[in-house]
Every structure is written in structure tokens, then in C-alpha cells.
Amino acid sequence: KSYAERGFIINVNSQLKRFEIHFDHTKVPSMIRGETTVEWLKNIERSDHTPETKVISLAEIIRDVNPVIQMKIKEYDIKYSVSFDLNIDEVRVDVNPIQISQVLINLINNSIYEIKEFKHKWIKVIISKNTFDTISIRVQDSGNGINKEIEEMLFEPLFTSKPQGEGTGLGLSICRKIIESHKGQLSYELFQEHTSFVFSLPTTL
């Protein structure tokens with residue numbers, strides 16, 4: 001299986017008080033590399049947490065993610081594209097592939113949810129080089145931005161703009177912690193007048 005397929009989606013349902021995160025435990029594997037879901041999240045929450053990593057090409061992560069999101073993309077007739085200004089087969093990153101795949105899947109799924117009823121529906125994954133040793137991965141969609149009040153709460157634990165029972169994914173607060181544990185950053189911005197989330201990762205020499 002691909003790294004994305006070996007990952008997991010955490011659905012909003014019952015409250016896990018320690019982290020104030022909602023779970024549908026029926027959809028989360030009981031063990032993750034020998035850890036329970038709670039232990040895995042405790043490790044991410046720790047300020048000194050360093051994920052188990054391996055050096056892998058960025059292209060492999062992108063290829064792994066595509067089959068996972070294609071069903072929803074086709075279901076809602078969304079135009080999906082990946083563009084880059086560098087050779088992603090040659091770009092190597094030292095990451096936990098499952099965690100990075102899940103962050104990317106979560107961002108794309110959020111976009112799908114927000115634009116699925118739009119007349120014009122598209123999602124772009126844009127990969128670019130920031131400096132000689134960092135790259136950025138941007139998930140941009142045809143939405144026209146996020147309400148300022150919601151924007152201020154985006155990365156707070158427990159926050160969701162979705163109706164009860166419809167919130168899915170890791171949650172942006174956990175996504176940010178995962179990226180930060182990889183010495184990167186995750187943020188929201190209005191890019192070319194459209195909704196955009198972007199995260200950075202260091203590359204290996």
C-alpha cells in the first residue's frame with residue numbers, strides 16, 4: 001500500500017478530552033506503528049517530539065495522495081491539477097511520509113468540502129522552491145477566501161466550520177503541529193484572490 005493508504009483520517013464525533021479533538025474510533029486503526037492513536041497524538045503534542053522519518057522524493061508523496069482523493073474529485077466534478085517549477089522527482093525531503101500525506105489529503109478534502117456546490121470548482125496543488133533548502137506546497141481552491149472571524153480560529157483545537165457530524169480530517173491544529181515537527185510552517189492566506197493553505201518543508205542536500 002502507499003503511504004497515503006497506510007495513513008488514517010480522524011472523523012469528528014466523540015470528544016477526546018486530553019486534546020479536545022473529536023474522533024470516530026471506528027475509522028481509526030487501533031495501532032499506528034505500535035502506538036495507540038492517543039499515544040501518537042500525545043507524541044505530536046509534545047514540544048520536543050521528533051517524528052520517525054525517511055528521505056523520500058516529493059514526487060512519491062504526490063503520487064501516493066492522488067488515488068486517495070480522486071474519488072471525491074470525480075464525484076463532485078472538480079478540476080484538479082498539480083503544478084511545479086522544479087523537478088519533484090529530484091527533490092528529496094526527510095519526512096514521515098504517512099504524516100505528510102495525511103496533511104496534504106486533509107487540506108485537499110477541506111477544499112473539496114467548501115467548493116463542492118460551487119459553479120466553478122477547481123483545486124490546484126502548487127509546488128515551488130522557496131530557498132535553496134526549502135520548498136512550499138500550496139493547496140489553492142476556487143473559493144474566495146475565509147471570513148475574518150473564522151480565519152482567526154482556523155488553527156485552534158476543536159474548531160470546525162462544518163455542521164455537527166460532517167467534520168473530517170486531522171484538524172488544522174494537528175496538521176500545523178505535524179508540519180512544525182518537520183521544521184516547516186503551515187498557514188492560511190488569500191492567494192490571487194482565492195482560498196489557499198500553504199506549508200513549507202526543508203529539503204535534503
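Analyst: The questions and answers below concern this predicted model.

User: How many helices and strands are there in the protein, and in what order do the elements run?

Analyst: The protein contains five helices and nine strands. Read from the N terminus on, the order of these elements is β-β-α-β-α-β-β-α-β-β-α-α-β-β.

User: What share of the residues in the protein is buried?

Analyst: A residue counts as buried when its relative accessible area is under 20%. The protein has 205 residues, and the buried share of them is 47%.

User: Among contacts between residues at least 6 apart in sequence, what percentage join residues at least 24 apart?

Analyst: The contacts considered here are those in the protein between residues at least 6 apart in sequence. Of these, the share that joins residues at least 24 apart is 69%.

User: Are α2 and α3 roughly parallel or roughly antiparallel?

Analyst: Two packed helices are described by the angle between their axes and the distance between the axes. Helix α2 spans residues 58-75, and its axis lies 10 Å from that of α3, at an angle of about 30 degrees. Angles under 35 degrees count as roughly parallel. The relation of α2 to α3 is therefore roughly parallel.

User: Which residues of α2 meet α3, and how does the contact divide by class?

Analyst: On the side of α2, the residues are I61, I62, V65, V68, I69, K72 and I73. They meet I100, S101, L104, I105, I108, N109 and I112 in α3. By class, the residues of the contact of α2 with α3 are eleven nonpolar, two polar and one charged.

User: At what angle do α3 and α5 pack, and is their crossing left-handed or right-handed?

Analyst: Helix α3 covers residues 97-115 and helix α5 covers residues 172-181. Their axes are 10 Å apart, and the angle between them is about 145 degrees. The crossing of α3 and α5 is left-handed.

User: Which residues of α3 and α5 meet, and how many of them are charged?

Analyst: From α3, the residues Q99, I100, V103, N106, L107 and N110 take part. Their partners in α5 are L172, C175, I178, I179 and S181. The contact of α3 with α5 comprises seven nonpolar and four polar residues, and the number of charged ones is none.

User: Why is α5 described as largely enclosed by the rest of the structure?

Analyst: The buried residues in α5 are L172, S173, I174, C175, I178, I179 and S181. Because seven of the ten residues of α5 are buried, the helix is largely enclosed by the rest of the structure.

User: Which residues does S173 contact, leaving aside its neighbours within four places in sequence?

Analyst: S173 belongs to helix α5 and counts as buried at 9% relative accessibility. The C-alpha atoms of S173 and P157 are separated by 5.5 Å, although these residues are 16 residues apart along the chain. Leaving aside neighbours within four places in sequence, the contacts of S173 are F155, E156 and P157.

User: Is the aromatic pair of F155 and F197 stacked or edge-to-face?

Analyst: The centres of F155 and F197 are 6.4 Å apart, with 70 degrees between the planes. F155 lies in the loop between α4 and α5 and F197 in strand β9, so the pair ties together parts that are 42 residues apart in sequence. Planes over 60 degrees apart count as edge-to-face. The pair of F155 and F197 is accordingly edge-to-face.

User: Which residues do ring pairs link into a cluster?

Analyst: For Y188 and F197, the ring centres are 5.3 Å apart and the planes stand at 55 degrees, so this pair is tilted. Y188 counts as buried at 13% relative accessibility, and F197 is buried with a relative accessible area of 10%. The cluster linked by ring pairs consists of F155, Y188 and F197.

User: Is K183 buried or exposed?

Analyst: K183 is placed in the loop between α5 and β8. Its phi is near 65 degrees, a positive value in a residue other than glycine. With a relative accessible area of 70%, K183 is exposed.

User: What phi does E193 have, and where is E193 found?

Analyst: E193 counts as exposed at 58% relative accessibility. Although E193 is not a glycine, its phi is positive, at about 70 degrees. E193 is found in the loop between β8 and β9.

Notes. Residues are numbered from 1 along each chain as its sequence is written. This is a predicted model: local features need pLDDT of at least 70, side-chain atom pairs count only at pLDDT 80 or more; totals for chains, interfaces and linings use all residues. Side-chain values use heavy atoms; hydrogens and water are left out. Axes are lines fitted to C-alpha atoms, for helices over the stretch in contact, and angles run from 0 to 180 degrees between N-to-C directions. Helices (H or I, at least four residues) and strands (E, at least two) are DSSP runs, numbered from the N terminus. A crossing is left-handed if the near helix is turned anticlockwise from the far one by less than a right angle, and right-handed if clockwise. Contact means heavy atoms within 4.5 Å. Ala, Val, Leu, Ile, Met, Phe, Trp, Tyr, Cys and Pro count as nonpolar, Asp, Glu, Lys and Arg as charged, and the others, Gly among them, as polar. Angles under 35 degrees count as roughly parallel, over 145 as roughly antiparallel, 65 to 115 as roughly perpendicular and the rest as oblique. Rings of Phe, Tyr and Trp (its six-membered ring) pair if their centres lie within 6.5 Å; planes under 30 degrees apart count as stacked, over 60 as edge-to-face and the rest as tilted. Buried means under 20% relative accessible area, exposed over 50%, partly exposed in between (1.4 Å probe, protein chains only).
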